[in-house]
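Please prepare a careful briefing on the structure shown below, with the criteria behind each term stated where the term is first used.

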Amino acid sequence: MFDEVVKEVNRLTQPRRISISLPLDEKGFFDRACPKKECRGAFKVLFEDWRDKVADDRVFCPFCRNEAPADEWNTEAQVRHIRSVAGAEMSRLVNDAVRRGVERSRPVRIGGGPIGLTMTLGYRPGAVPAIVPAEATAELRQEFACEACGCRYASLGASFFCPACGHN
């Protein structure tokens, strides 16, 4: 009876890629945060410069010049958003897999005659969590353009290093 459900759920073991959108502010800047625990400085980079000028393997903190790969610079709000989107997608995939497995299962008859028992399998999926967009940081006071590479970024207060090339 459960063979079809098990087959469908086992199909979920394959890696999956999902696209997650992170919001930009009204000027097109992308929120970032230094991954170094002693800093965690918040700043923004114009999204087109983040995409076109910042290397995937090397980003610099504008405050402490910490260097780390581009996928380590998410803010806490962005991490929560990414986890909630991934959780909702997993809920959807599990619900669909169990539903398909139940639809393919057949009733099982145990015993015979007037006292026989028939078992069927049913499924009512739980609610998939709603996705709430990540919050943008507070209004920024300063915007910068690197004189070496032209990357545009912003921070609250002074910052000293370009996120794309590390220039001071």
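K44 counts as buried because its relative accessibility is 2%, where buried means under 20% relative accessible area, exposed over 50% and partly exposed in between, with a 1.4 Å probe and protein chains only. This lysine lies in strand 2, and its C-alpha is 9.2 Å from that of D25, a residue 19 places away in sequence. The model is a predicted one, in which local features need pLDDT of at least 70 and side-chain atom pairs count only at pLDDT 80 or more, while totals for chains, interfaces and linings use all residues. Residues are numbered from 1 along each chain as its sequence is written, and side-chain values use heavy atoms, with hydrogens and water left out.

**Fold and confidence**

- The protein has three helices and eight strands, which are DSSP runs numbered from the N terminus (helices H or I of at least four residues, strands E of at least two).
- Along the sequence these elements follow the pattern α-β-β-α-β-β-α-β-β-β-β.
- The average pLDDT, the predictor's confidence in each residue from 0 to 100, is 82 for the protein, and 77% of the residues score at least 70.
- Over residues 132-140 the pLDDT stays under 50, and for this stretch the model has 17 contacts beyond four places in sequence, a contact being heavy atoms within 4.5 Å.

**Burial and surface**

- Of the 168 residues of the protein, 33% count as buried.
- Among contacts between residues at least 6 apart in sequence, 54% join residues at least 24 apart.
- The protein exposes about 10800 Å², of which carbon and sulfur atoms supply 52%, with accessible areas taken from the Shrake-Rupley method and a 1.4 Å probe.

**Aromatic rings**

- A search of the whole structure finds five aromatic pairs, defined by ring centres of Phe, Tyr and Trp (its six-membered ring) within 6.5 Å, with planes under 30 degrees apart called stacked, over 60 edge-to-face and the rest tilted.
- One of these pairs joins F43 and W73 in an edge-to-face arrangement, with 5.9 Å centre to centre and 75° between the planes.
- This pair links distant parts of the chain, since F43 belongs to strand 2 (residues 42-46) and W73 to the loop between strand 4 (67-68) and helix 3 (76-104), 30 residues apart.
- Both F43 and W73 are buried.
- F30, F47 and W50 form one aromatic cluster.
- The charged end of R32 sits over the ring of W50, 4.8 Å from its centre, the criterion being NZ of Lys or CZ of Arg within 6 Å of the ring centre and within 35 degrees of the ring normal.

**Helix 3**

- The 29 residues of helix 3 should span 42 Å at 1.5 Å a residue, and its end C-alpha atoms are 42 Å apart, which agrees; the expected span is 1.5 Å times one less than the number of residues.
- The buried residues of helix 3 include A77, H81, V85 and A88, and also L93, N95, V98 and V102.

**Positive phi angles**

- Most residues other than glycine have a negative phi.
- R40 has a positive phi, near 50°, and lies in the loop between strand 1 (29-33) and strand 2; with a relative accessible area of 32%, R40 is partly exposed.
- R65 also has a positive phi, near 65°, and lies in the loop between strand 3 (59-60) and strand 4; at 37% relative accessibility, R65 counts as partly exposed.
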